[in-house]
Amino acid sequence: MTGGGAGDGPEAFVCGEVRTCLLQTSASLPRAEAVRLLRLRSDEAVRFSERPNLYAVSPEVLTGVDCALPAATGSRVRAVGTVQARAVLTEGRVLQATARFSSPVSGPDRRLPWGHYLVRPGVVQPLGRLSVPDVAAGFLGARPAVPDRHAAATVDLGAIAERLLARVLGQPLLDRRAPFKSRRTMLRWFAVHAAAGQGPPTAEFTVAADGLRTLRISAAGLDAAEIAAFCEELALHDWLLTTLIRMIDRSRLGSTAGTEAVLALRPAVDHLLHLWMPGARTGAGPAPLWDGLERHPGFTRQWQTLVQRIRDQVALRAVPFRCQA
């Protein structure tokens, strides 16, 4: 696994957390305003793409960390380095914030000057040696709702991503009038470097409580940035699917007057349905991960079923607007 800067040894894993939400503004942002929104640094430009859809990416911002890594066994492994974070805006409508870092299995036996870590952006090095399975289980496992004040502080990528999300959402160019109600989702992911020759990359996706999803990836030779981009794309499509399910539930489709229910779903037609493009921005390396997730749990199969249900109701009630694919 490569990317994120050169450490003293090969990277054993890369992990991150993605927060996804609806941008709090009444209309989707055009290109110029999207660039203004995501200009987090004056020395680096916002990257923008118009194919296959409008997609803006902020410059990376770094956060220095010096604390323990989470571990399922409770073991304490101190780690020092920098976390990379960025914001992504899709079609001027859906905002995401991602925080991630890579780590080798072992690092120096003592803390080095900050200059050593700053030239390795996005790399967090343990002091000594760590157990990758222990850290993976600790990172992906359940966290207490109220942290123990006496417990050792651990790297909290969710907090870093949440701060970045709040920074973007707090900008004055947003009018705070979202076109519909929605909830944030959180995807916590951990990718382990697999030995060469162990077959295609694999992904294990889990839906937990309170909007949390977890993803464990095993992959050989994949770039850390590619994996992070794949996880952002997965988080986007999981948010779209989750939001559409909730909108259909709130509309009481099938149990209330048809026209009233379908009109309640119009924001989905106007703002969400055209965003469904799984794999459109996934590189060749992580592409097999999408193939596996389409088989189980079958994101597109469920999405198409929900969209067809809306289309059927529109046809039955002759509501004067058309669903998009």
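Buried here means under 20% relative accessible area. With that cut-off in hand, let's look at strand S8, residues 185-193, in this predicted model. Seven of the nine residues in S8 are buried, so by that cut-off the strand is mostly covered.

**Strand S8 and its partners**

S8 has a partner strand in S1, residues 11-22, and the two pair in the antiparallel sense over eight bridges. Within that pairing, glutamate 17 stands opposite arginine 188 of S8. S8 also pairs with S10, residues 212-219; here the strands run parallel, again joined by eight bridges. Follow tryptophan 189 across to S10 and you land on leucine 215, its bridge partner.

**Aromatic rings**

How many aromatic pairs does the count come to? It comes to eight. One of them brings together phenylalanine 13 and phenylalanine 101, and it is edge-to-face. Phenylalanine 13 belongs to S1 and phenylalanine 101 to S6 (residues 94-104), so this pair ties together parts that are 88 residues apart in sequence. Both phenylalanine 13 and phenylalanine 101 are buried.

Phenylalanine 139 comes from helix H3 (residues 132-140) and phenylalanine 190 from S8, so parts 51 residues apart in sequence are tied together. Phenylalanine 139 has a relative accessible area of 3%, so it counts as buried, and phenylalanine 190 is buried too, at 0%. Ring pairs link Phe13, Phe101, Phe139 and Phe190 into a cluster.

| Ring pair | Centre to centre | Angle between planes |
|---|---|---|
| Phe13 and Phe101 | 6.2 Å | 70 degrees |

Asparagine 53 is in the loop between strand S2 (47-49) and strand S3 (55-57). Is asparagine 53 buried or exposed? Its relative accessibility is 7%, so asparagine 53 counts as buried. Leaving out residues up to four places away in sequence, asparagine 53 touches Thr90, Glu91, Met277 and Arg281.

As for the cysteines, cysteine 21 is buried with a relative accessible area of 3%, and cysteine 67 is buried at 13%. The structure holds zero disulfides.

**The whole chain**

Zooming out, the chain has nine helices and 10 strands. Of its 325 residues, 50% are buried. Among contacts between residues at least 6 apart in sequence, 73% join residues at least 24 apart. The chain exposes about 14900 Å², with carbon and sulfur atoms supplying 52% of that area.

Conventions
Residues numbered from 1 in each chain as written. Predicted model: local features only at pLDDT ≥ 70, side-chain atom pairs only at ≥ 80, totals over all residues. Heavy atoms only, no water. Buried < 20%, exposed > 50% of the residue type's maximum accessible area, 1.4 Å probe, protein only. Helix = DSSP H or I, 4+ residues; strand = E, 2+ residues; numbered from the N terminus. Pairing = 2+ DSSP bridges. Contact = heavy atoms within 4.5 Å. Areas by Shrake-Rupley, 256 points an atom, 1.4 Å probe, with all protein chains shown as cover. Disulfide = S-S within 2.5 Å. Phe/Tyr/Trp six-rings, centres within 6.5 Å; stacked < 30°, edge-to-face > 60°.
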